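Have a look at the fold first, then read on.

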Amino acid sequence: MADATYVAEFIDGPLEGDFEQRALVRGEPEKRVGMVAAVDGLESLFWYDAVDQRDVGGQLRVRFRFDATDSDPVESDEEND
């Protein structure tokens, strides 16, 4: 039986360097994923688009690029003294 999961690799944006095991949808990896992450204690929604895929040691791995246009803003509130 074929593996029903793949590894998502986030190559840029707020989740750069993160990896996540995800389920295949109808036998295929997703083309676009929405990820919720906390930035400075606030939950933000970040959208990522698949850019390529490859087999690594028998496991499907898909690289995702950050879509800043559709995502919540990534801003750090710096103290203005």
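## How the strands pair

Strand 3 and strand 4 run antiparallel to each other, with 8 bridges between them. Pairing here takes at least two DSSP bridges between two strands. One spot to look at is Met35, whose bridge partner in strand 4 is Phe46.

Zooming out, 5 strands make an open, mixed sheet in the order 2-1-5-4-3. Strand 2 (19-23) and strand 3 sit at the edges with a single partner strand each, so one side of each has no neighbour in the sheet. On average, neighbouring strands are turned by 40° against each other, direction ignored (axes are lines fitted to C-alpha atoms).

## The chain and the model

This is a predicted model: local features need pLDDT of at least 70, side-chain atom pairs count only at pLDDT 80 or more, and totals for chains, interfaces and linings use all residues. Numbering starts from 1 along each chain as its sequence is written, and side-chain values use heavy atoms, with hydrogens and water left out.

The chain has 0 helices and 5 strands (DSSP runs: H or I of at least four residues for helices, E of at least two for strands, numbered from the N terminus).

## What's inside

Of the 81 residues, 26% are buried, meaning under 20% relative accessible area with a 1.4 Å probe, protein chains only. The largest nonpolar core has 12 residues, including Met35 and Phe46; such a core joins buried Ala, Val, Leu, Ile, Met, Phe, Trp, Tyr and Cys through side-chain atoms within 4.5 Å. Strands 1 (5-10), 3 (32-39), 4 (42-56) and 5 (59-67) each give two or more residues to this core.

How values were computed
Buried means under 20% relative accessible area, exposed over 50%, partly exposed in between (1.4 Å probe, protein chains only). Axes are lines fitted to C-alpha atoms, for helices over the stretch in contact, and angles run from 0 to 180 degrees between N-to-C directions.
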